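Okay, thanks for coming, everyone. Let me put the structure up, and then I'll walk you through how the chains meet.

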Protein chains: 4
Amino acid sequence: MSDTSAQLTGVVPPLVTPLTPEYDVDTTSLARLIQYQLTGGVDGVFVLGTSGEGTFLTDEQRQVVLETTVAEVAGQVPVLAGVIDTSTARVGAHVSAALKAGVDGLVVTAPFYAATHPAEIERHFVRLASLAGDTPLYAYDIPSRAGTKLPASLVLSLAEQGVIAGVKDSSGQETSLRQLVLSRREAGLDGFAIMTGSEVTVDSSLAFGVDGVVPGLGNVDPAGYVRLFDAATAGDAAAARAEQDRLFRLFEIINVADRSRMGASSAALGAFKAGLHLLGVIDCPITAYPCIPLDEAEIAAIRPLLDRAGLH
Amino acid sequence: MSDTSAQLTGVVPPLVTPLTPEYDVDTTSLARLIQYQLTGGVDGVFVLGTSGEGTFLTDEQRQVVLETTVAEVAGQVPVLAGVIDTSTARVGAHVSAALKAGVDGLVVTAPFYAATHPAEIERHFVRLASLAGDTPLYAYDIPSRAGTKLPASLVLSLAEQGVIAGVKDSSGQETSLRQLVLSRREAGLDGFAIMTGSEVTVDSSLAFGVDGVVPGLGNVDPAGYVRLFDAATAGDAAAARAEQDRLFRLFEIINVADRSRMGASSAALGAFKAGLHLLGVIDCPITAYPCIPLDEAEIAAIRPLLDRAGLH
Amino acid sequence: MSDTSAQLTGVVPPLVTPLTPEYDVDTTSLARLIQYQLTGGVDGVFVLGTSGEGTFLTDEQRQVVLETTVAEVAGQVPVLAGVIDTSTARVGAHVSAALKAGVDGLVVTAPFYAATHPAEIERHFVRLASLAGDTPLYAYDIPSRAGTKLPASLVLSLAEQGVIAGVKDSSGQETSLRQLVLSRREAGLDGFAIMTGSEVTVDSSLAFGVDGVVPGLGNVDPAGYVRLFDAATAGDAAAARAEQDRLFRLFEIINVADRSRMGASSAALGAFKAGLHLLGVIDCPITAYPCIPLDEAEIAAIRPLLDRAGLH
Amino acid sequence: MSDTSAQLTGVVPPLVTPLTPEYDVDTTSLARLIQYQLTGGVDGVFVLGTSGEGTFLTDEQRQVVLETTVAEVAGQVPVLAGVIDTSTARVGAHVSAALKAGVDGLVVTAPFYAATHPAEIERHFVRLASLAGDTPLYAYDIPSRAGTKLPASLVLSLAEQGVIAGVKDSSGQETSLRQLVLSRREAGLDGFAIMTGSEVTVDSSLAFGVDGVVPGLGNVDPAGYVRLFDAATAGDAAAARAEQDRLFRLFEIINVADRSRMGASSAALGAFKAGLHLLGVIDCPITAYPCIPLDEAEIAAIRPLLDRAGLH
């Protein structure tokens, strides 16, 4: 286990889960993906998130991912684990399993399926934090999936209570993210980590005080995000912007698949996996059942976009 | 196991799951609730649905509910089980567990959390039907929770393929429901069951050809829904409307709780449970964690609404 | 002017506005459309509503529609006029113009474009009612266009204050509509008119107590809606349902146009106008600029649907 | 009339419309507001936009605003006019009126109330541009009000055709805004102006290539936005961020009013007007009918927020 007392920062890609054509977890490809990330210079990895198709996997498959990742990373960077499920009790079971696997941090969404109230979401996080003990809990704000936006006031309150160590903001709402950064400063909560989940506004977010990024596209180009982060923290705004612009265009791989025959998740995650497949990192680009996979023509159409971005 | 070759029809309440103050399943209260339903004349029971807080319960708790229900019902009416989870693989695990418990039907939503496409939802149902074997599968159309409306064309296609034996429509979209009824007739799919999940438009829905109702409020007043169904099928529209109007007003118990301090689920399910508690059917009105429970004043305020509806 | 003391009831189609190929109001076709409606037996006509493309027309064009309609109807049935605009002051100008033209009722939505609060919507209706004097004001509840649902409590409050004489409910929310009917009875507001704007749930709505219907499809088949209304009020539920089912299928004309190249308004209103053109009632099926018109193949594809419904 | 061949850039506040207690346009206060803006160093003014309550005003009131503004500005900076209405024909009438008043640019939204398709929105802009002649047309992308997001591809196509000279993006979607900037560069459309309508992400937007800002809050603090713009264009990111952070906190004046008794528009515009009233710029802080005005306590609560921001 890595040192978890340090604040989360930098580039922490939400790893995809490579699958075999039979829909089993492909641990060999997962190990290669992890080495690809470490070589790229990432500051941590996050498994079983939305990009990791955590909600598609059985409990047993989730455990395989956790154990493979902890073993392969071998303490070089922190391993964060998504423990995403519908309710406190169900997430609690995932927390226990993740702790047993030896992860360094837990990433928790609001309860979903049932409609909940901020006061209920607060109860959810408080109870899970007591289960997690010394392992830091991160709030995962993803209203497009969980159906509710975590109010900035709730995130701050949980931070002040010491319930959560940080937040991953995948809301796409820059104003709310900026409010969080300003309020953190005013509250003196310097150790609280604020990470953006957006692939395409990283230079802006770092400029106004966000600590790092959890980019799905970082699966395909971890080194690019590391360069972007380094340029931004070195104060070279022009270089950061140029790198961000390049990654913005690379992100267009998610638009290659035909949306009239598959969902948005399938198109985006299928593109990340196809990119990794074309780069020789993973064996099979299939997404989790029942997602429709990209066909050969769609996979082939991703190659020139990788080339344009300088990825070979 | 009851005879499952018959088409689903009539009143099939989605049972709440009584809990102890420690958030365990209260099997004694559940047994009493089942007897209350059977005495009320219901045509089936549906456990682990949205009203049953299925997504809040651990796998172990779900199994307790299934086994208790199958034992208590003892074949007098069909037992339907919700197998609600985020993906095909995860639902599949619940299907196996429910089949082992001996249920008579399985109720399945679209995958959720991840965004999916109708073609992916179709794959989801097809694979689950093959797992279910002879036990009928019912599609559960609940866009407010699953995030997507099952298109009428998809439901019909699944019916024609023999993948699903019926649908529970909790979409609240009368037009879509009516289209389904018309299309069923034109396609000659007479054995396909169409049930509404709405508490307050049952007389209308039965009048235009729906087969039955799965009313959350039926927990509290099963006999009322049975009278409504009997009046409608006997062609006594005035009696059906009067009964529906009475139940419409009883449904106002869901507005008693203070929505500024709890979610809509908590307010509605808390009201059903409070009603059952006041009627002496279940011991404790608590809803699943992290839901905020109704307070004493809110519970007391439900009593006059029960009285007005003639429930003592 | 017809007797406006009587409560609105029955079939009151929202007339389309026939246009010339140059986008002028085609008063000759409008007169023919009105005669077609009167021959069909309608209880009133409603011009400059959503179906009437009122918000597309200039002030001068609106006035032409009003004057042509009042003259052609000649007091045989009430003429209702939409006075739809963004704010109280702007609607007020339309109210003055409509009163000058001699209409029998005014149909008013919530303010739109700017976000408003129910208390502000109340002020809007109160001021407009004082402008309207003795001419009855009807609330037009169309959240899909005005961006806000009129709360049932607000509609009832305005009814009790005598501000509005009725409501046209185009919300598609059966539960809210039914609540309004129940509350009207309990409040003793028998003279308050509740009309549904849904084409496809008329038998149900009449069965639970709604007074009439304002069906866009009634442009094409006024006599069908009159038969449906007569059957329902005579207590012949089977005949009403059969008529509704036939009209449900006729309503599929709105799905003929290619939605990938035009908006939903264009497809629906274009279909109504194409139907009227094929039936010889109006000369040109064009919709208001900038709407894309149906092409010849789309217009031709509407003919068999008219035939199937028995319209020649 | 100012030189309109130059590209729009810098700070162009969307002016509120000061009203008297009787809801007439207060031309004296409007003139003072304009002088306050010019003294603050703004690069243009935009009247009759959303902040200007254009959709609340009658045609006559709109004309008073246009003529007062053109006269008071006297060619020192460009005057942009909102010509916001539901359809092409209705907007066309406003275009004619605005041209007669001598404005330097026209700001046009998508048609609204009726649902439209991008191909129809394109027809709308093309026809209006031909009406506008040499006066530049700007697209106003405000999906929260107009109900539809202008696709980046449509904006670019209109730019390439020379139909529009720029866009005001009030969508709050940073990703879409950034895509527009990138695509503009790739298409070589350097003269096309991209302005953000967001008050709180200006430093970020300028850093990635946006040309300027149209901030509602600029009514209250034009000089602050000018300092922010100047710092950003001078490459002093830290100073730009500090100014943006100060303005972010000042923007909290929109949260002072009680949202349980008024709409969001009323609260925000009421706060801008109250701020201007407290600063002695306008006489009466009332918003347009039927908006509920801020009460005395709410107005008083804005004073300390002005003080904190250094505005006296």
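Predicted model: local features only at pLDDT ≥ 70, side-chain atom pairs only at ≥ 80, totals over all residues.

**How the copies pack**

Let's start with symmetry: chain B goes onto chain C by a rotation of 180° with 0.0 Å of shift along the axis, and the RMSD is 0.0 Å.

Now the B–C contact itself. Chain B puts in 21 residues and chain C puts in 21 residues. Together the two chains bury about 1900 Å², with 47% of that on carbon and sulfur atoms.

How many salt bridges do we get across the interface of chain B and chain C? The rule finds eight. One to click on is Arg185(B) with Asp245(C), where the closest N and O atoms sit 3.5 Å apart. There are also twelve residue pairs in polar contact between chain B and chain C, counting pairs with both residues at pLDDT 80 or more.

If you look at which elements of chain B give two or more residues to the side that touches chain C, you get helix 7 (174-187), helix 8 (202-207) and helix 10 (237-250). Helix 7 of chain B has the largest share of that side, nine residues. By class, the side of chain B that touches chain C splits into six nonpolar, seven polar and eight charged residues.

Okay, next pair: chain B and chain A. Here too a rotation of 180° with 0.0 Å of shift along its axis superposes chain B on chain A, RMSD 0.0 Å. The two copies are therefore related as by a two-fold rotation axis. Again the same surface serves both copies, with 100% of the contact residues of chain B recurring in chain A.

What does this contact take from each chain? It's 46 residues from chain B and 46 residues from chain A. The buried area between chain B and chain A is about 3700 Å², 55% of it on carbon and sulfur atoms.

On the charged side of things, the rule finds four salt bridges across the interface of chain B and chain A. Arg90(A) makes a salt bridge with Asp59(B), with the closest N and O atoms 3.0 Å apart. For polar contacts, the count between chain B and chain A is 32 residue pairs, both residues at pLDDT 80 or more.

The elements of chain B that give two or more residues to the side touching chain A are helix 2 (59-73), helix 3 (88-101), helix 4 (118-132), helix 5 (143-146) and helix 11 (264-278). Helix 4 of chain B gives the most, with five residues. That side of chain B has 21 nonpolar, 15 polar and ten charged residues.

Let me finish with two single residues. Buried or exposed, what do we get for Leu182(D)? Leu182(D) counts as buried, because its relative accessibility is 3% and the cut-off for buried is under 20%. Leaving out residues up to four places away in sequence, Leu182(D) touches Asp245(A), Phe248(A) and Arg249(A). For a sense of scale within chain D, the C-alpha atoms of Leu182(D) and Ala101(D) are separated by 36 Å, and the two residues are 81 apart along the chain.

The other one is Gly191(C), in the loop between helix 7 (174-187) and strand 7 (193-196) of chain C. Gly191(C) is exposed, because its relative accessible area is 54% and exposed means over 50%. Setting aside residues up to four places away in sequence, Gly191(C) touches Gln7(C) and Ala165(C). Gly191(C) and Ala165(C) are 26 residues apart in sequence, and their C-alpha atoms are 7.7 Å apart in space.

That's my tour, so over to you for questions.

Technical notes
Residues numbered from 1 in each chain as written. Chains lettered and ligands numbered in written order. Heavy atoms only, no water. Buried < 20%, exposed > 50% of the residue type's maximum accessible area, 1.4 Å probe, protein only. Contact = heavy atoms within 4.5 Å. Buried area = accessible area lost by both parts, 1.4 Å probe. Salt bridge = Lys/Arg side-chain N within 4 Å of Asp/Glu carboxyl O. Polar contact = N/O pair within 3.5 Å; in protein donor to acceptor, adjacent residues only side chain to side chain. Helix = DSSP H or I, 4+ residues; strand = E, 2+ residues; numbered from the N terminus. Nonpolar A, V, L, I, M, F, W, Y, C, P; charged D, E, K, R; others polar. Least-squares fit on C-alpha atoms with pLDDT ≥ 70 in both.
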